[in-house]
Amino acid sequence: MIKDYEEFKKFVLDSTSIDLNAYKERQMKRRIDTLISRNKYDGYDSYSRALKTDSKLMDEFVNYLTINVSEFYRNPALWKKLEDVILPDLINEFGPRLKIWSAACSTGDEPYSLAMVLAKKVPMNNIKIYATDIDETVLEKAKDGVYGAASLNGLPAEFKDKYFEKMGDRFYKISDEIKKCVEFKKSNLLKDPYPTGCHLIVCRNVMIYFTEEAKLEIYKKFNNSLVQNGCLFVGNTEQIINHKELGYDFDELFFYRKRQAK
């Protein structure tokens, strides 16, 4: 009989290879308690017995623990361009302590990718990435740093081998040294204040969900957040056609520089 959350964590580890000890306990326990209640079970024991016999319920539970899975190093050619061209140029101009903002960061794949790439260029203690999202649930997952194997499919082996610990056959946990490089915070791009003095802003595969009016407003605010000659990195479906009107110069494909004031 499973009497409490500690015993339930052991059951989950045995059943799924997911180590709930790798998650922040207060938030994860609250989420699981909510899920159990929503499924109309009276506690950990009855829910765990149901998980053992109902594969659909087990799949729902596993998906719940790994919701909003995005992808590390999405569009590898663009990340390689960031690594080989953009970051060296920014470091040369602004020094090793770049102020970087990952906007609408979702489950953390993007800011953690940034940290790993940047760690090849500067000492780890110089890296501080500000990562924001409107969804507190995905931010909790980002802070936990546990990902399904599919999320790492595009990640170069050098990063996967160096910065991830395998958890069973299906999950990976990112290293604490990379986690320490990223600060997560809830923020709404449409209404909350933007950080200032950014050398690099990364906002990818998000703008497609906004109206044209909202896009214009956000791109203008991004421009105000950047230092002169700072860079905005967007998704591979988000080319900014009217970039000059918004205060940007075209740099590389999907990379835009804040235009020098005349």
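This is a predicted model: local features need pLDDT of at least 70, side-chain atom pairs count only at pLDDT 80 or more; totals for chains, interfaces and linings use all residues.
Local features need pLDDT of at least 70 and side-chain atom pairs pLDDT 80 or more, while totals for chains, interfaces and linings use all residues. Residues are numbered from 1 along each chain as its sequence is written, and side-chain values use heavy atoms, without hydrogens and water.

The chain holds 10 helices and 10 strands, taken as DSSP runs numbered from the N terminus (helices: H or I, at least four residues; strands: E, at least two). Its C-alpha trace spans about 70 × 40 × 25 Å along the principal axes. Of the 262 residues, 52% are buried (under 20% relative accessible area, 1.4 Å probe, protein chains only).

An open sheet of seven strands runs in the order 6-2-1-7-8-10-9 with mixed pairing; two strands pair if DSSP finds at least two bridges between them. Strand 6 (182–186) and strand 9 (248–250) form the edges, each pairing on one side only. Strand 8 (residues 226–234) and strand 10 (residues 255–258) run antiparallel and are joined by three bridges. Leucine 232 has tyrosine 256 in strand 10 as its bridge partner.

Two helices pack on the sheet, as tabulated. Contact means heavy atoms within 4.5 Å; axes are lines fitted to C-alpha atoms, for helices over the stretch in contact, with angles from 0 to 180 degrees between N-to-C directions.

| Helix 7 (residues 136–144) | strand 2 (129–133), strand 6 | about 165° with strand 6 |

Conventions
Buried means under 20% relative accessible area, exposed over 50%, partly exposed in between (1.4 Å probe, protein chains only).
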